[in-house]
Amino acid sequence: MFILSSLNTFASGAGIHWSAAKALNSTAADDFQIDDSAPAIGNDGAGTWLTVWQAHRSTVGNETDWDILFARSTDKAASWSAVASLNTDAGTDSTNDTAPFAAAGSSSVWLAFWVRSDITNSFIAGARSVDGGQSWNAPYALSTPVPTTFGYSVSIMDQPHAASDGRGTWVAVWSQQGGIFWTRSTNNGVSWGAPTTLITTPRTLPDNVQPRVSTDGAGNWLVVWSHFGALNGIYDDRIILRIP
Amino acid sequence: MTTIGATRRDLEPRLATDAKGTWTVTWSRGDCCGNEETDIYFGQSYSNDFTFVKRYPPHPHFDTDTEGDACSALATDTLGNWLMLFWTGDTIDGTFGADYDIFSLCSADNGETWSAPQPVNSTAAADSPSDHDTAADLTTDGRGTWVAAWRSYNSLDNTIGSDPDILFATTAVTGTLRGVVQDAATSALVDCAALVITDVEPDIEAMRIVPANKVGEFEAPNLAPGNYVIRLYSATHESAVKSVTIEEGKTVFVHFPVNLATFTQGIRGVVTDVDNGKPLVGVHVMASIDGTPTDETYTCGDGEYAFRNLPTLKASVSVKLQFRLPNYTVKDQDVVFNPGAISEADTQLSKGIFPGTIAGSAVSSATNEGIPNVRITLLGRSNISTETNAAGLYAIPAIPEGRYSIDASAKGFQSSTVSHSVPNGDSIEVNFVLTPVSAGMVGDVNLDNLLDAVDVQLVINGALGLAVAFNVDTDNDGQINAVDVQRVINAVLER
């Protein structure tokens, strides 16, 4: 017997319906053999959606390297802005900018992080926007550069991720030379503390990669990552931040 | 520091909290004992105790699937609703292609139960084997809208290029179609009926085929708002057509009173899966006489179909039946149709096998130049092999779907073996960087009992143009661990 009622499809356990797939990057129809990849999408809870990604040899940036591109939406992703470069030196740099992540803080501030590398050094780069992701300041180094040829058994520098409590405090994490590093900002990303290791990887220990951080906005910050070695697994570490 | 997953190869953790004490972690877990298929796992912690008491797949699908699943994204609206994304080459019981597609699982009870996988990329059922959709991310505004973005090779019907672009989809408010099929004369419920639901604006919703259950009921949830045509096919009753309008958040009920069919002549049969003998539902069956399509129908829940309205002819003719079902090989079958009689034509369909290709290059780590005459061998499959050409390039065509260990060997270089899956009908690129054998290299290092301490730098030039340098330990035989090599490959592909 049927019971006819208004159906909340999300609550029914039957899943949800997704709209037809559409191109997000406005260059999709015109670019040719440009690799747009590794998208990360964020929302500020105030109507702005921001997607960042890496693009290889894009005409939006320098056509010889990888750059970070972005697009914004303010209408619940019904439409997206034209593609633009997030790293402001995209037209002149020759470094590879990859693995981006972006998230919103408070007061229209967005922060973006990515891996910047060349044949000499690799480091985590960051950029800050104070206008809801419409424009970005020049890239800065969040981490200490390490030689690209550094000889540890995992990627040298990878997978930056960050979270904000919405009141000006941020924690950023990344993997570096087999260890997990983190740093903190208490002024909405204007400045950062010295990077600290959550776990390091002496040559006799396994690798630690793919970190993620989240916060409940009440002082609890949790970092999880993947741990290679004799005891493979997902590890977590809780960071308690007590902000004066 | 605590461990959430351990002793297995656990990768790609994703983390979210509802800021009310619940924290959820999802990840990809590789099975043990040589089975390299990865599945999605999740764990939850309550009341901020960070114990993560649950550590198992969110849905039974992961207990029986056969292809690897890659954890991709997790988000919550902090209202008890959670959504996770993963990408996989699994066909989800034959419903979707073997290319990589994005799927979502949702929970509306704070992670207690999760829905079955649903496709995020609307192209999942009909895209080609090379239209891979991967690397999805997800977020929500916490007010009912969820947006996913991912990397895709799909050209969206040639409206964009086939190079990788960023696609997106949003959750949409939908409606539901429900109904019942009854015998018009007796009100008995008709249990063998297939409902073909087609939207009037075909860009909104792909065609769905929904079977009636054993008591004649059918349901099609999550239909995008719009106008639809429903065609009913039954092996026992007359066909019928109705039009409905689906509105946001509402359920439309459709009653199909249908007449028992008079069946004095025609063709009927049952379609089953050749591997397991199970009836196949929704198989499109086209009947052609003298090359002209004459009638069509669909199989119902018991796999049955019937043609009752073939033209009355004076003599026996050969009718060509063509059976089509996504992910199965199209099958043609000739049946003799005798006017005034009923011909039986049961058939079995087999999962489609569309050969793929492994191609790539072998270059020297010392010179970055191609190496000619490198022997590329697919181990364990009758050792199919080829050699690189003068430029160091190779291709092995006609590869059946499956996972392969691929070995590259050349005189003067260390050999290299990697594992890769070839999706059905797809082409994959596998590039080797071979290290010249010289003093100080692995082949010459023989520090008894100390081999495990020897590090060898492995540089992979990925298909994306990225170079990733890793150091991997040699094992006790002085060989590079194949798992480490695979990890490097995965790191490149992940970028």
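The pLDDT is the predictor's confidence in each residue, on a scale from 0 to 100. In chain A its mean is 84, and 84% of the residues of chain A reach 70 or more. Chain B has a mean pLDDT of 81, with 81% of its residues at 70 or more. For the complex, the predictor gives an ipTM of 0.92 and a pTM of 0.61. This is a predicted model, in which local features need pLDDT of at least 70 and side-chain atom pairs count only at pLDDT 80 or more, whereas totals for chains, interfaces and linings use all residues. Residues are numbered from 1 along each chain as its sequence is written, and chains are lettered from A and ligands numbered from 1 in the order in which they are written.

Strands are DSSP runs of E of at least two residues, and helices are runs of H or I of at least four, both numbered from the N terminus. In chain A, the lowest confidence is found in strand S18 (residues 233–240), with a mean of 70, and the highest in strand S10 (residues 140–141), at 97. Residues 1–14 of chain A have pLDDT under 50 throughout, and the model has 29 contacts beyond four places in sequence for them. Two residues count as in contact if their C-beta atoms, placed from the backbone, lie within 7 Å. In chain B, pLDDT stays under 50 over residues 439–478, for which there are 84 contacts beyond four places in sequence. Where pLDDT is low, the predicted coordinates should not be read in detail.

Chain A contains 0 helices and 18 strands. A residue is termed buried if 20 or more other C-beta atoms lie within 10 Å of its own, exposed if 12 or fewer do, and partly exposed in between, with C-beta atoms placed from the backbone. Of the 244 residues in chain A, 55% are buried. Among contacts in chain A with a separation of 6 or more, 47% are between residues 24 or more positions apart.

Strands are taken to pair if DSSP finds at least two bridges between them. In chain A, an open sheet of 4 strands with antiparallel pairing has the order S3-S4-S5-S6. Its edge strands are S3 and S6 (84–85) of chain A, each of which pairs on one side only. S4(A) and strand S5 (residues 66–73) of chain A run antiparallel and are joined by 8 bridges; A:Leu50 has A:Arg72 in S5(A) as its bridge partner. The loop between strand S3 (35–43) and strand S4 (49–56) of chain A holds A:Gly45. A:Gly45 is exposed, because 12 other C-beta atoms lie within 10 Å. Apart from neighbours within four places in sequence, A:Gly45 is in contact with B:Asp141 and B:Gly142. The C-alpha atoms of A:Gly45 and A:Gly105 are 9.8 Å apart, at 60 residues along the chain.

B:Gly142 takes a positive phi near 75° in the hairpin of S9(B) and S10(B), which has 5 residues between the strands. Strand S9 (residues 133–140) of chain B and S10(B) run antiparallel, joined by 6 bridges, and B:Asp137 stands opposite B:Ala149 in S10(B). In strand S10 (residues 146–152) of chain B, 7 of the 7 residues are buried. In a regular strand the side chains alternate between the two faces of the sheet. One side of S10(B) has B:Trp146, B:Ala148, B:Trp150 and B:Ser152, the other B:Val147, B:Ala149 and B:Arg151, and all are buried.

A nonpolar core is a set of buried Ala, Val, Leu, Ile, Met, Phe, Trp, Tyr and Cys residues joined through C-beta atoms within 7 Å. The largest has 110 residues, and those with the most contacts inside it are A:Ala112, A:Phe113, A:Ala162, B:Ala136 and B:Ala148. A second, separate core has 42 residues, including B:Val190, B:Val258, B:Phe307 and B:Val319.

Further along chain B, strand S13 (residues 193–199) pairs antiparallel with strand S16 (residues 226–234) over 7 bridges, and with strand S14 (residues 208–211) over 4 bridges. An open sheet of 4 strands in chain B has antiparallel pairing and the order S21-S20-S23-S24. Strand S21 (292–298) and strand S24 (331–337) of chain B are its edge strands, each pairing on one side only. Strand S23 (residues 317–324) of chain B pairs antiparallel with S24(B) over 7 bridges, and B:Gln322 stands opposite B:Asp332 in S24(B).
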